[in-house]
Amino acid sequence: MTAVALKRSLGPRGRSHVADRLLATMTTAAAAIILAMLAVIVGNVVIGGASVISWEFISAAPRDGMTAGGVFPAIFGTVALTLLMTIGAVPAGVATAIYLTEYASPRSRIARLIRVCIANLAGVPSIVFGLFGLGFFISTVGKQIDAVAYNGQVTYGKPSLIWASLTLAILTLPVVVVATEEALRAVPREMREASLALGATKLQTIVKVVLPQATGGIMTGGILAVSRGAGEVAPIMFTGAAYFLPFLPTYPNDQFMNLGYHTYVLATQSPDVDRTKPILYGTVLVLLVLTFMLNLVAITIRARSRRRLAANA
Amino acid sequence: MTQLVATVPATEKSSLPSHRLVRRPRILEAIAETAIKAVALLSILSVLLILFFVGKEALPVLTSAEVHKEVTVRTLFAAHAEAGYMWQPVSDEPKYNILPLFLGTLKVTFVALLVAVPLGVSAALYVSEFAGRRTKEIIKPAIELLAGVPSVVIGFFALVVLASWVQRVFGTEHRLNSIVAGVALAVAVVPIIFSVSEDAFRAVPGSYRSAALALGSTRSQVMLKVVVPAAAPGIAASIVLGFGRAIGETMIVVLATGNAAIFDGSFERSTRTVTATIAQELGEVVVGSAHYHVLFALGALLFLSTLTVNLGAERIVGRMRRRLGGGT
């Protein structure tokens, strides 16, 4: 605060004034360029895709070699995928965050190792998750299930909704952990102490005092994870996404269509580029609207809970 | 004996209800703590499983005689007698030289960082030193939104729109090339560089600025000679993390590079990266073939590189925070 006041009162003079202005202009320009990147991409997709969006586009399946019709199976697949992923990632992520903030001692080696692993998990390239999903879930776990329960008949040892979801669950785990941990840390220590002083156990304190205060943060983490998962393509290419399916996935070992993968397929493997272009734009718009809405909701919830906790403190 | 048996129910009856409340949860407490800890260990397990299963499929490149008929560690790097440095896994005589792919990744990453580093760091400086609260409240979520744009969307934009712009402006030889892919990749990398640098600038204590101002420095002097040097390790870490993100990014480069494994230094011609190679070829490869194992080996190299990069960045940031006293 004093620094700001000082900056104002000093009022730089002479040549350095020019340097100040130059620096201000250049850094402002950099920020403006970044915002312009966002605006140009979003603007282009909206302009290109808006005319394609109709009820039919949202609710129908692709027709005529994917040059007509809609993207409903891809929307359905994306929702199913991220829903299953959430069931895996959110409980695991929240539990990890609870362990790190509530149980582990600050100098615990295991906690430090967990943190390092979370940070690294967040940095693993998404294509490596694809390789891992193939090598672990499909070729190892799936094959074993087939050998034990299905007499070796290929049932789970192939690309499936469940394997793609689990692969994405590991990929998005860090998102949930980081957001939840931030929320848990923001809960004032006095609240925990008050609860413990009233005779509540540690678990009761966590479940009835700490977690309710952190709901906003946990939701933020969950939503950000869904948004991230909905946009990932590389991890699901080999673990379950399908080029085209005449039916919707109903079993965990079914394959599925997906908005991101559909975009990739339309953009690279279309026999007739000009005829698929409108559909391609429409698909991208649906995907972008989906991820943006989720992100906006998450950012809003987080801002609100941050403000509330700041007011409480 | 009988006395003991008789007294136990008696004491339990006489005990207060609160006694039971305290007692029963104790087992529950222990179970819950163990369960939570077990789940928390999943993250460690995940990293180990990734390491193990990607490594397991990559290992035959080093050990399997069957694979060595087609490819050895030497032929991964050494030039082929006639074809030179060539990646051509599907042919009568498959050629698995991975140098063109490495070069492709490096070229695209270089362009991406060339664009993203100045932009991201400057914007971070703007937000931490110049911007008012309201401006910050717009810029930071907007950059978060940019980070949330799926990479396949950025790749699509590069393929359909950006490539045409770049060709019109620079008259590049190939429509899809390292410049197009690099610029598109910069869009994905900029949010990381911005947010890590901004954290670094914010970690510089206000007292540093006040002291410099009190000594008569101008604002630009304070920033360039005090704030930026103090935050330099954080900026370095942001670049390192950006590098890690750039070499691992897949969908943008699959769509925007043109995917031709050409071994040359030109930025105007199509290129092919490590990630794009895995993404495009793994789907069609025979499981257990030499090609399959080479693709996993590429994945393992990628994994190890990003692991090193991330651990390095973490160290840098940790050391900086300790030096700045962890203050705000």
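## Contacts and confidence

Two residues are in contact here if their C-beta atoms, placed from the backbone, lie within 7 Å. In chain B, take the contacts with a separation of 6 or more: 74% of them join residues 24 or more positions apart.

Keep in mind that this is a predicted model, in which local features need pLDDT of at least 70, side-chain atom pairs count only at pLDDT 80 or more, and totals for chains, interfaces and linings use all residues. Residues are numbered from 1 along each chain as its sequence is written, while chains are lettered from A and ligands numbered from 1 in the order in which they are written.

The pLDDT score is the predictor's confidence in each residue, from 0 to 100. Chain B has a mean of 87, and 91% of its residues reach 70 or more. The stretch to treat with care is residues 1-20 of chain B, where pLDDT stays under 50 and the model has 0 contacts beyond four places in sequence. As for the complex, the predictor gives an ipTM of 0.90 and a pTM of 0.89.

## Chain B overall

Chain B has 15 helices and 2 strands; these are DSSP runs numbered from the N terminus, with helices being H or I of at least four residues and strands E of at least two. Its radius of gyration is 28 Å, well over the 20 Å that the globule rule gives for 328 residues, so chain B is more spread out than a compact globule. (That radius is taken over C-alpha atoms, and the rule is 2.2 Å times the number of residues to the power 0.38.) The C-alpha trace spans about 95 × 70 × 35 Å along its principal axes.

Of the 328 residues in chain B, 48% count as buried. Buried means 20 or more other C-beta atoms within 10 Å of the residue's own; 12 or fewer is exposed, and in between is partly exposed.

## Where the chains meet

Chain A puts 72 residues into the contact, and chain B puts in 76. On the chain A side, helix α2 (residues 14-50) gives the largest share, 17 residues. That side divides into 49 nonpolar, 20 polar and 3 charged residues. In this scheme Ala, Val, Leu, Ile, Met, Phe, Trp, Tyr, Cys and Pro are nonpolar, Asp, Glu, Lys and Arg are charged, and the others, Gly among them, are polar.

## Two helix pairs in chain B

Helix α7 (residues 99-130) and helix α10 (residues 178-203) of chain B pack at about 35 degrees, axes 6 Å apart. Axes are lines fitted to C-alpha atoms, for helices over the stretch in contact, and angles run from 0 to 180 degrees between N-to-C directions. The residues of the contact of α7(B) with α10(B) are 22 nonpolar, 5 polar and 4 charged.

Helix α3 (residues 42-58) and helix α15 (residues 290-323) of chain B pack at about 140 degrees, with axes 7 Å apart. Their contact includes B:Val54 and B:Glu57 of α3(B), plus B:His293 and B:Phe296 of α15(B). It divides into 7 nonpolar, 3 polar and 1 charged.

## Two residues to look up

B:Glu57, in helix α3 of chain B, is buried, with 24 other C-beta atoms within 10 Å. Leaving out residues up to four places away in sequence, B:Glu57 touches A:Gly135, B:His293 and B:Phe296. The C-alpha atoms of B:Glu57 and B:Tyr292 are 8.2 Å apart, although 235 residues separate them along the chain.

B:Val227 sits in helix α12 (residues 219-248) of chain B and counts as buried, with 20 C-beta neighbours inside 10 Å. Beyond four places in sequence, B:Val227 touches B:Glu129, B:Phe201, B:Val204, B:Arg209 and B:Val222.
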